Each structure stands twice: as structure tokens, then as C-alpha cells.
Amino acid sequence: MPPPPHPVPRRRWRIAWLLGLGVLVNYFDRVNLSVSHQALNETFGISAVTFGYLSGAYNWTYAVCQPPVGVLLDRLGIRRVGRASTLLWSAASFAAALTPSIKGFFAARFLLGIGEAPTFPANAKAIGQWFPANERSFPTSIFDSAAKFASGIGVPLLGVLLLKVGWRWSFAATGIISFLYFLLFWKIYRDPAEDTQLSEPERAYISEPTDAPLEEKSDPLPLPYLLGRRKVIGLALGFGSYNYVFYLLLTWLPSYLYSALHIDLLHSFLFTGVPWLFATATDLIIGGWLVDELIRRGWNANRVRKTTLIVGTACGLGILGAAHAHTPARALIWISISIGGLSAASPVGWTIPSLIVPRSSVGSVGGIINFSNQLSGIAAPIVTGYLVAAHQSFALAFGVSAIYLLIGIAGYIFLLGKIERCV
């Protein structure tokens, strides 16, 4: 889908697609583990509970790094932090491919979490710098939808690669791809102020104040102060509930199809791609293009964004339908509704930090939001592992995620409130 037309040059879109490619690559690293579940069980003899802990290991270091990463982004800038992180996550994939033990695999996943920790806060900050407020949903949806697209094509591709050459080579392949992205990011990314090829008309367009005045120079707000803002708390709750379902499906969907619905391993890899491809479309079309288009046509920006957040998150409750599905087709329909609705809300959520705080503090708020996300990313695979091991069913695990979604919706309604500057 092409970017919306504008009478100014479009160098900013090169940055949007670069960020999207980066998310695509680092989600290949993440989904590789869910694809390798059965192979790791054969190699190391791990249980469902151990796999749950292993799936969440990445998120442990990822979560711990979020608050300091946000501060580092605001102080050191996207380019320097981004270069270091992409190199580190590449090394982590190679480490996973070479590990001789399950302890080494845990260490590789911890390292991956550190390396990929800056990705989403950095991307949110970059979009805030490169795009005016009324044009941020679509470029945000480019990198956000890449997380779903990576699962849509990554699980089948990596699954076939694993079946052909083994799980170690599939991790080595993602390491190579990650290193190539590191070289690309090093060559291309610059902030607008550093880009000598950015034209003056586009620079003026990017700097145009739309929804709120954009302070060019101010000190970052203290982290404890931001943690006390109701809007930040509401956004963190809503995003946390989204990420719980996201990571439940990211880590357990192939196993759910394989064990609960008795689909063979190859077809479980192929079927897993269906809801993620649907989620990619809703992310780009509804959460990205449609939101920006309605705002450009004069619709109330707050109402458009809030409606998308709340309705999209409510669609996530479709996971309850999958809890009682007895056929692959019915399960995939319900899961597609769930992750599709959540994916439509996600890019809108990632635009909000740049709308509620000054530019100097967007990285910090992004770090807070992603910290909440990763707590959910830690909990979802572990809780699911325990519940599946205890009940030999995914029904209760899906029910827990629905309760969290209701809490997230309440956070959007009662705490986030109107999307406007809170400081």
C-alpha cells in the first residue's frame, strides 16, 4: 500500500520502511523459538512448563531494559542506540544456534531481549520526529504490522527450513539476516536534523504543529513523574493486555494447533500464518491508513483514535471463541478476529506517546509502555505453560487473557481519557 499523497517530497517514508524491515527481522528471531518447540524437546527433553519459561526468557531482560532504554534514547539518540542494539540481537541468534545446552539457550534468549529492547520505543520516537501528528498512524502501522507479518511468513518459512536442515541452521539463518539489517541501519538511519538530503519543504512539513505544539528543545521529564501520569498508566494497562494475547499466540499457536486440534507439525506451521496475515492487513489498513485518512478528512482525532483502541481491543475477546473450537477452521476464524482487532488498535497506541508528552520524553514513555508489554510477554507463555500442563487444554489459558483484555479496555476508557498533552 503506498503512503498517502502529499505535495512535498517523501524522504520520511524511507525511514518508515526501514523501521518496518527492522521489526520484521527481529520478529523472525522471536518466532523461531515457537517453531522449534518440538525440535528442542527432542534435543533437550524440555517440558511444557520449561518451554513456557524459555519463551518468556527473552522478555525478562527486554522488560528490565525498557525504562533505562527510554532514557538512553532521549539522551543519546536513536542512531547510536539503534546501531548497538541491532548488532547485539544478531549475535544472540548466532549464540542460540551454537548452544550445547538448554542453559546456553536461556542465555542466548536473555541476550536477545537486551539487544531488541530499544526497537519499539526507538521506532515510536523516530516516527514522532519524522512525521507530523496527523500522519503518524500509517507509518507506525508499517513497523507494527511487520511484527504480525513476520509470524505470518516466518513461521511457515522457518518451519520448513527447520524440517529440512534442523533448528540450529534456522537460528543461524536469522542471525545472518539480522547482521545484514545492522549494516543497512548503519548506512541509512539519520534523524531529520542530521539528514543533509532532507528538503526544506519536507523539513517544514514534518515540523508542522498539528494536534499539539511540538517542543524542539526541552529537558526529558523525570521517569517517576511520568510513571504517575494517569494517561501513561491507562496506556500501559491497555497495551499490556494486548501484548498478553500477542505473546500467548506468538509462542503457543503452533503447539495449540498441533496438540489441541491434532494437526500435523507441517500443517500447524502453515495454518499459523493465516491469523497473522489477517492481522497484518488490519494493522496497515484500519489502524494505519484508515485512521490517518479519517483525521485528514476532518473527523475528530481523539474520537477516531479512542474508538479504534477500544473496539480493536474488544475484538481481542474473540480468543474465547477459540477456547471452545473443535475444528481448525473455526479456531483460525476466532483467533483471526482476536489478533486482527488487537492489531488494528496497536499502531494507534504507539502514536500516543508522541501526542501526550513533549518530544524530549517520548522515548521514556515508550519505554514505560513497552515495560508493561514485556511483563505480559513474560507472563503469557509461562502461565499458559502451567495451565496447559495442568489441564491438558488451552481453554483456561485463553480465558485468563480475556480477563486481562477487559482490564485493558477499562484503562483506555477511564485512565487514558482524551488523547492530549498530560504535561
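Q: Which residues lie nearest the centre of the second largest pocket?
A: Rolling a probe the size of a water molecule over the atoms shows where empty space is left. On a 1 Å grid over the protein atoms alone, a pocket is an open set of points with protein on both sides within 12 Å along at least five of seven lines, a cavity is a set of points where a 1.4 Å probe fits but cannot get out, and lining residues have an atom within 4 Å of a point. Here 24 residues line the second largest pocket, and Ser259, Ala260, Val388, Gln392 and Phe394 lie nearest its centre. Two or more lining residues come from each of helix H2 (37–44), helix H11 (230–260), helix H14 (319–323) and helix H18 (395–416), with H11 giving the largest share, 6 residues. The model is a predicted one, in which local features need pLDDT of at least 70 and side-chain atom pairs count only at pLDDT 80 or more, while totals for chains, interfaces and linings use all residues. Residues are numbered from 1 along each chain as its sequence is written, and side-chain values use heavy atoms, with hydrogens and water left out.

Q: What volume does the second largest pocket have, and how do the residues of its lining divide?
A: A volume is the space filled by probe spheres set on the grid points, which are joined across faces, edges and corners; for the second largest pocket this is about 390 Å³. Ala, Val, Leu, Ile, Met, Phe, Trp, Tyr, Cys and Pro count as nonpolar, Asp, Glu, Lys and Arg as charged, and the others, Gly among them, as polar. By these classes the pocket lining has 14 nonpolar, 10 polar and no charged residues.

Q: How many cavities of 30 Å³ or more does the structure hold?
A: There are 6 of them, and the largest cavity has a volume of about 120 Å³. Its lining has 14 residues, with Thr86, Thr119, Asn123, Tyr181 and Phe185 the closest to its centre. The largest share of that lining, 5 residues, is supplied by H4, and the lining consists of 8 nonpolar, 6 polar and no charged residues.

Q: Which residues lie nearest the centre of the second largest cavity?
A: Among the 15 residues that line the second largest cavity, these are Tyr27, Phe120, Tyr242, Asn243 and Asn373. The space in this cavity is about 90 Å³, and its lining divides into 8 nonpolar, 4 polar and 3 charged residues. H11 gives the largest share of this lining, 4 residues.

Q: How many helices and strands does the protein chain have?
A: Helices (H or I, at least four residues) and strands (E, at least two) are DSSP runs, numbered from the N terminus, and the protein chain has 18 helices and 0 strands. Its C-alpha trace spans about 60 × 40 × 40 Å along its principal axes.

Q: Is Thr280 buried or exposed?
A: Buried means under 20% relative accessible area, exposed over 50%, and partly exposed in between (1.4 Å probe, protein chains only). Thr280, which is found in helix H12 (residues 265–296), has a relative accessible area of 9% and is therefore buried. Contact means heavy atoms within 4.5 Å; leaving aside neighbours within four places in sequence, Thr280 is in contact with Ser145, Lys148 and Phe149. Across the protein chain, buried residues make up 61% of the 423 residues.
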